[in-house]
Structure formats: C-alpha cells, structure tokens
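Dear colleague,

Please find below the structure I am handing over to you.

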Amino acid sequence: MPSEGRCWETLQALRSSDKGRICYDRDWLLRGEDVLQECMSLPKLSSYSGWVVDHVLPHIQKNAPPSETSASSVSTSALNQPSSVPRSPLRNPAFSPVSSAISNGTKDKHESPHTEPMVLQSPRGMKVEGCIRMYELVHRMKGAEGLRQWQEEQEKKVRALSEMASEQLKRFDERKELKHHKEFQDLREVMEKSSREALGQQEKLKAEHRHRAKILNLKLREAEQQRLKQEEQERLRKEEGQARLRGLYALQEEVLHLSQQLDASDQHRDLLQVDLSAFRTRGNQLCSLVSGIIRSSSENGFPTVEDQAAAEGALQEMRDLLSNLHQEIGRACEEKRRRDEEEARIKQQESQMQQRPEAHKESPVPNQGPGAKPNEDLQVKVQDSTMQWYQQLQEASSRCVLAFEGLSSSRDSQAKKIKMDLQKAATIPVSQISTIAGSKLKEIFDKIHSLLSGKAVQSGGRSVSVTLNPQALDFVQYKLAEKFVKQGEEEVASHHEAAFPIAVVASGIWELHPRVGALILAHLHKKCPYSVPFYPAFKEGMALEDYQRMLGYQVKDSKVEQQDNFLKRMSGMIRLYAAIIQLRWPYGNRQETHPHGLNHGWRWLAQILNMEPLSDVTATLLFDFLEVCGNALMKQYQVQFWKMILLIKEDYFPRIEAITSSGQMGSFIRLKQFLEKCLQRREIPVPKGFLTSSFWRS
C-alpha cells in the first residue's frame, strides 16, 4: 500500500538523522544515583586530563573539519566550558596512545569527514577512561611481546623442521642411491650371466654350424657331381637327339626327293595308260607321316629312338614304293611294247587285206569334283587356274611394295615422319575394331575410308593425309591390308568372335577400294597358303627352313614354332576369310554384288576336298571354315551343301583318319562330332558373335 511505503521512507530518514545515530544506554537506571550525581556535580579535571588533552584532542582537531577545528581551538582555551570540547568516542582504538598510524590512516578513509564533538566527562569518567587506555596500551604491549616470542618459537620450529626434513631427504637419497646401486649390481650380474649363456650358446651354434657346414659341403660335392653327371648325360642325350634330328631331316629330305620322283611318274600315266595314283597317295601319306614325326619331336625337344625307327620305316616303305612303281612302270612299258607290236602286226595284216582302219577315240576323264565317287583318287597339286590367280595376287603385292620403295627406304627425317604417321593412321583404327557398338564401328570405317580417299584425318594429334607424298596411297593400302590379316592371325586366333567386326569393315573397304581387297588376299595367301588352297611342294635344293616358311610356319633362329601355335594362327586367318566372304558393309550399295562372296567359299571348299588331306591341318581348317561360314553356305546352296557334307563324312573322313596319328586326333574328332551333330539336326548353327541388326542400332 502507498501509506506503508511512506512509513518506511520516514523511518529510514529518521535513522539517518543526527539524533537517530545517538547511542542510548538502556542500563543507565541500574547504576542508580551515581549517574545522576555525576550529572549534577561540577566537572573536574582528573589526573589523566593532561594525557587526554595531549593525545586525544590534537588527534581530534587534526581530523575535524575547519569550522569545528576553529571552534574546538576556542573551546580548549577555557576548560570550564565543557560544551565546546569535542567528545572522544569510548573504547575506540583509533585514539589510543599506542594505536598505529597505519590502522588510523586506513580507518580515516572509511570514516565520515564530519567527526562528532566530544564532551568532557567527569573526573571519575576521565580516570576510568585513562585507566582503560593504559590497560589497553599494556595489553597491546604484552600481546606484541607474546606475538614476537611466538614468532621466534615458530621460526625455531620451522628451522628445526627444515633441518629434520633435510636430513630425511638426505637419508632418502642415500637409500635411493643404495637401491639403484643394488639394482645396477643385479642387472650387471644378470647381463654377465646372460652373456656367459649367450657365449655358450654361440659356441654351441658354431659347433653345430661347423658340423652342418661339413654335411652341406659333402652334399654340395655330391650334388655337383650329380649335376656334372646329369649335364654329361644331357649333353650326350642332346648330341644323340641332334644326331637323330639331323638324321630325320635327312630322311625327310630323301622322302621328299622320292616323292618328287613319284610325282615325276605322272608323265608315264597317259603314255602307258596305267593308274599310278595309289603310289602317289601312299607317297603323300608317308611324307605327311614323316613331317608329323618331325613336328612332334620338335615340340617335345628331340626325336626318340621310336621316332627315328618310324621315320626310317617310312623311308624304307617309300623306297619300296618307288621300286614297286618302277617295276610297275617297267611292266607297263613291256605291256605297251607288246601291244604296240601286236597292233603293228594287226595293222600290217589289215593293210595287206586293204581294209580301211577304224578311228578309235578316247573319251576324256572328267575332272573330279566334290561329288566324285569315294573310290576315285584325289589331286595333289592345285588347279592351274587357282595357281595362276594366286601368282597374280602375289605379283600385285610385289608391285605395290616397289611402288612405295622410295618412301620406305628414305633416310630423310621428314619422309620418315610422314611414313610413321601414315602407318599409325592406317593400323591404329584397325586395332580399335571391336563389338562395343555399331556406331563406334562406323566411325572407324569412316576414318579408314577418308584416309584412303585422300582426306585429312587426325592421328596422334596431327593431321595426316595420303596427299603428303606421291607414294603414300600405295603405302597405306599395303599396310592396311597387312594389318587386317595380322588381326586375323592374332586377335581372331585368340578371340573367335572378333572375326565378324573385323571382317565387315574389311568387306566394306574392299567394296569401295578393290585394290585393298586384292592386297588382303595376297597377304592372306602368303601367310596361310591353305586359304588358296595351295600345298607348296618341296623343290630340290630348297632349304628346309624356307620350305617350312612356305607352309606357313614361323621359323626364328632355326627353330620352328610349335604345332599348336601354328594351327591357332591358321585357324584365325581362315575364320577371318570365312567371315569376309559372307558379310557386307550395311551402309554400302546393296545393288552391287559382294567383291568376294560366298561363291569363292564354295570354290575353296570344293577344291580342298579334291586335294589329299594333311595331317592335323585339313581337319582344323575345315572345322573353322564350316563353323563360321557353314550357316551361310547352307542357306545359299541348300541341297548341294548337304551333299558335300555327306561326301566329307563318307569319303573324306577315312582319308583324314588314315594319315592322322593317335596324338593328333583332337581336330579330327572335333570336326567329326560337329558334322554329325549338324546332320542330326539338319542345320548348321549361326556362329557365335555374328553381328545382328540390333548391333548396328547401338
């Protein structure tokens, strides 16, 4: 309420007034009449008044304000006027005689600048006040003396405790040092003991090592003797193997020479009208047998005694075969001589009888085709037209090489740089052909076509064009064709599905640039003569390594590649060829015919079936060709194709099996199972990896 607030403010103001600060003694009535007597009696100076005046009043006058100080000075001149003398506060330590100036100064800071005036008391009061002051002074002096003595005692105790702590610290350090010394002694003893044990163990190990070293030295000497013995045996084995291998090569050379003599007997066939094909067939089989022995022995290291015996048996059989042939020719000559004599005698008789002789005509023997009877003999050499075509392609390839000989053999740095850029621009896009997407394949085709058309293309960050050099176009065409065939030899051989994207690009380039197609065939025929098909004949005086190269083998440092690697490369190139003849570039001109279509595949199949099979080679190539191109040939030739498949099964399989050794039956069994499955299903399956229409939309 507002009235209560004003009451509190009034009480606070009264408490702050001078009257409110007066201290009242509640027990003054208990003192009785003495109090009143003191008030009624006249003031007197006690014996302590002088001390009070000397010690109290100057201090009061010093701290009082100027107005009060002047009034006090006036009042002190007359001691009989008690009202003008300032009153000293009772029991105030600040006005005691022994009060320190520091505590006085500290209290003066917090005291009010206005000091209350003191009224002189009665003589008894002054006496009491003086006694009190004296007592306080004495008490303080005793307290100060006691404090000093206590401080001295404490200092003595501190010194004693410090000395005792120092002594204890020294004892602790001594005990600690003694403990460390003992631990060090123990550690030293342990280390010495460990060292003695280690030395003993080391001596023991040294003794064991010396013992083992002796044993190892003995074993090493034994192993060295064994190694020397094995090396000597290996050297002798190699010498014997090399001798047998040289003997096999000599046997093969003699067998081939005898085979040439068998081939030379063809001139007696028409003259003597005798069938000598059985001798040639058996001769070819013996040649294949010896070649297979040499290939297998080369793969295994060196020929064995059994291989040498088999080759010698084949050579002896070839000699016997040639001897029988000569005997057969001799009998035929004798028979022909008798027939001639008989004919001459008959003609003489007829002339005598003057009869007109009759003309007898011989009907020509038809050529053997895929549908020939199984009991008729096959050809050994390639047809003349095919051989002429093969030679024309090789001559065209040689002319192309001569055309850019200046660029390839130039030592000019600029010409070398142009040649390198052109080779990269031609070969790198072919290496990038894959089955990722049809759009990517089209980009590669357009880049190759632009390069062959004389347009500038980017290769290695530089612009390249065949217009940079007059011989650049021939160089690019040759390297491009070579790269296509190399991709078949390497990439297709390892990944069969890669044949189709490479073949479709090659077919499209062939259609737009026919010379590139001719160079592709030339490279293919040179590396794989079986793609003609063509079985090179061994000529007299020819080195064996050159003949093996003609057969398609890679010969490095007089070492012929293994048969598996050879068949793998041949398989890759035949697969590429089989894919090329059935594929066309989808963005080309559909009205034009394929530059090298399925009719060439049919011709190749018919010609290879008209030739004597080769061990392990013919079965492999037939399987690869039919697996890739069989479906397309089936759709194109239908009934005729199945007749040819039956011919292979009924007539050609026995011929392949007759010349195939037991260790080379894998390719023959694979071909046989493939054709039997196709005949059961009456269908050749679509090859794996064939490019569908969805691929070209990707």
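A search of the whole structure finds zero disulfides, a disulfide being a pair of cysteine sulfur atoms within 2.5 Å. This is a predicted model, in which local features need pLDDT of at least 70 and side-chain atom pairs count only at pLDDT 80 or more, while totals for chains, interfaces and linings use all residues. Residues are numbered from 1 along each chain as its sequence is written, and side-chain values use heavy atoms, with hydrogens and water left out.

Cys400 counts as buried because its relative accessibility is 0%, whereas Cys131, at 37%, counts as partly exposed (buried is under 20% relative accessible area, exposed over 50%, partly exposed in between, with a 1.4 Å probe and protein chains only).

The largest nonpolar core has 125 residues (a set of buried Ala, Val, Leu, Ile, Met, Phe, Trp, Tyr and Cys residues joined through side-chain atoms within 4.5 Å). Phe484, Val505, Tyr530, Leu605, Phe625, Leu626 and Phe641 touch the most other members. Helix α21 (residues 617–637) supplies the largest share of this core, twelve residues; helices are DSSP runs of H or I, at least four residues, numbered from the N terminus.

The axes of α21 and helix α22 (residues 639–659) come within 10 Å and cross at roughly 165°, the axes being lines fitted to C-alpha atoms over the stretch in contact, with angles from 0 to 180 degrees between N-to-C directions. The two helices, α21 and α22, are therefore roughly antiparallel, the word for angles over 145 degrees.

Technical notes. Angles under 35 degrees count as roughly parallel, over 145 as roughly antiparallel, 65 to 115 as roughly perpendicular and the rest as oblique.
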